[in-house]
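Hello,

Here is the structure I promised to pass on. Have a look at it first, and my notes follow below.

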Amino acid sequence: MNMQTNAPAKLVKYVRVRSEPDARFVEFDFAINDPSLFVELIMPKDCFTVFCKHNQVIHMTAEQAAKNDEEAAKWRYGTEAELR
């Protein structure tokens, strides 16, 4: 029996920091496998560092972040077609 076939797939975990670098707490988005499906979290800086290391996160690219911002704007303000 091949044990590798039963191994869970490695999930990519993303973060996007939203707070200022000197803020007391780190405000960030956290996503698993799909950077467009995220939760907003807040934690102290030292906890954030441990969280990132434990989860082996990668930072969202500027393109991924921009796409998330565009989608959020659609939900908040509607699309141009809906405004006419």
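**Contacts and overall layout**

Of the contacts in the chain (heavy atoms within 4.5 Å) between residues at least 6 apart in sequence, 33% join residues at least 24 apart.

Before you read on, please note that this is a predicted model, in which local features need pLDDT of at least 70 and side-chain atom pairs count only at pLDDT 80 or more, while totals for chains, interfaces and linings use all residues. Residues are numbered from 1 along each chain as its sequence is written, and side-chain values use heavy atoms, with hydrogens and water left out.

You will find 3 helices and 4 strands in the chain, in the order β-β-β-α-β-α-α along the sequence. Helices here are DSSP runs of H or I with at least four residues, and strands are runs of E with at least two, numbered from the N terminus.

Of the 84 residues in the chain, 23% are buried; buried means under 20% relative accessible area, exposed over 50%, and partly exposed in between (1.4 Å probe, protein chains only).

Helix α1 covers residues 45–55 and includes Asn55. With a relative accessible area of 15%, Asn55 is buried. Leaving aside residues up to four places away in sequence, Asn55 touches Lys13 and Phe30.

Cys47 counts as partly exposed because its relative accessibility is 38%, whereas Cys52, at 13%, counts as buried. A search of the whole structure finds 0 disulfides, a disulfide being a pair of cysteine sulfur atoms within 2.5 Å.

Best wishes
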